[in-house]
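I opened this entry to go through one chain, topic by topic. Sequence and structure come first, then my notes.

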Amino acid sequence: MQTLSISNSQNVVVSRLTSLNSHMFHMVINFCHNVKLQGVRISAPGNSPNTDGIHVQFSTAVSIVSSKIATGDDCVSIGPGTANMLVDKVTCGPGHGISIGSLGKDVNEQGVQNVTVRSTTFVGTTNGFRIKAWGKPSNGFARNILFQHATMYNVQNPIFIDQRYCPDRNCADQGSGVRVSDVTYQNIRGTSATQVAVNFDCSNRSPCRGIRLNNVRLTYRNRAAVASCRNAGGTAYGFVQPRSCL
């Protein structure tokens, strides 16, 4: 059960609410318009499964601001049908980071578009910014995404696009049909807990397009980290470390 579920609603403000040790997702926003969560505090052990902090789907004009989230799953997860969303001044950790997805579980699925995530801090999370899509056919998409002004402290996968997500092993080698395009990473700095700090693992069926790296500085154990690209195209400008593979 969720601590708080808001469905089929509009013009909602949730302020200074604390959720502690939810059995499942802490907060879910579903089929809503114009919802603002501000000053929210969410806490669950880092090893607690499926305790996503805030999950948003089939909603527009949702904002999450000035909040602190510690969970055993995604701090914020942005599901199908989400558009015009803002995440601002959020601290995440422990947890699985801020995720768009998973997308593409169904063949016919609404996409995600016009999402801005800015001024975030990640502490000891498994991911920083992640886009994850099932490795099977779908007409879903993620486009016009901006990840901006973030600090990472010992994050395992600071920047990650995963188009081979397949937890039940029933989609191996099918290739994700989710189209990922126009994704910008700007002013991202900090430390990676693994050597590969930037990983664009995209599908040969629907390669990632329009990926942009601008002023990224990520290190691994006080040394240069590594970037990995598969089926990904885009540009890098400004200072970019690790060296771009786009």
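Which residues touch the most other members of the largest nonpolar core? I looked it up in this predicted model. The core has 58 residues, and Tyr 185 and Phe 200 touch the most other members.

**Core**

I listed the contacts of Tyr 185, leaving out residues up to four places away in sequence. Phe 200 is on that list. Tyr 185 also touches Phe 129, Phe 147, Ile 131, Ile 159, Ile 161 and Ile 211. Leu 213 and Val 216 are there too, along with Arg 212 and Asn 214.

**Annotated site**

Next I checked the UniProt record. The unreviewed entry places an "active site" at His 96. I found His 96 in the loop between strand 10 (83–92) and strand 11 (98–103).

I then looked up its contacts, setting aside neighbours within four places in sequence.

**Disulfides**

How many disulfides are there? I count 3.

I took Cys 75 and Cys 92 to begin with. Their sulfurs are 2.0 Å apart. The link is right-handed, with 80° about the S-S bond. This pair links distant parts of the chain, 17 residues apart. Cys 75 is in the loop between strand 8 (60–70) and strand 9 (76–78), and Cys 92 is in strand 10. Both Cys 75 and Cys 92 are buried.

Then I went to Cys 202 and Cys 208, joined at 2.0 Å, S to S. I noted -95° about the S-S bond, a left-handed link. Cys 202 is buried, with a relative accessible area of 0%. Cys 208 is also buried, at 0%.

Where are the ends of the link between Cys 229 and Cys 245? I read an S to S distance of 1.9 Å for this disulfide. The link is right-handed, at 70° about the S-S bond. Cys 229 is in strand 20 (residues 226–230), and Cys 245 is in the segment after strand 21 (232–241). They are 16 residues apart, and the pair links distant parts of the chain. Cys 229 is partly exposed, at 27% relative accessible area. Cys 245 is partly exposed too, at 29%.

**One more cysteine**

I also looked up Cys 32. Its relative accessibility is 5%, so Cys 32 counts as buried.

How values were computed. Residues are numbered from 1 along each chain as its sequence is written. This is a predicted model: local features need pLDDT of at least 70, side-chain atom pairs count only at pLDDT 80 or more; totals for chains, interfaces and linings use all residues. Side-chain values use heavy atoms; hydrogens and water are left out. UniProt positions are given in the numbering used here, feature names are shortened, and annotations may be inferred rather than shown by experiment. Helices (H or I, at least four residues) and strands (E, at least two) are DSSP runs, numbered from the N terminus. Contact means heavy atoms within 4.5 Å. A nonpolar core is a set of buried Ala, Val, Leu, Ile, Met, Phe, Trp, Tyr and Cys residues joined through side-chain atoms within 4.5 Å. Buried means under 20% relative accessible area, exposed over 50%, partly exposed in between (1.4 Å probe, protein chains only). A disulfide is a pair of cysteine sulfur atoms within 2.5 Å.
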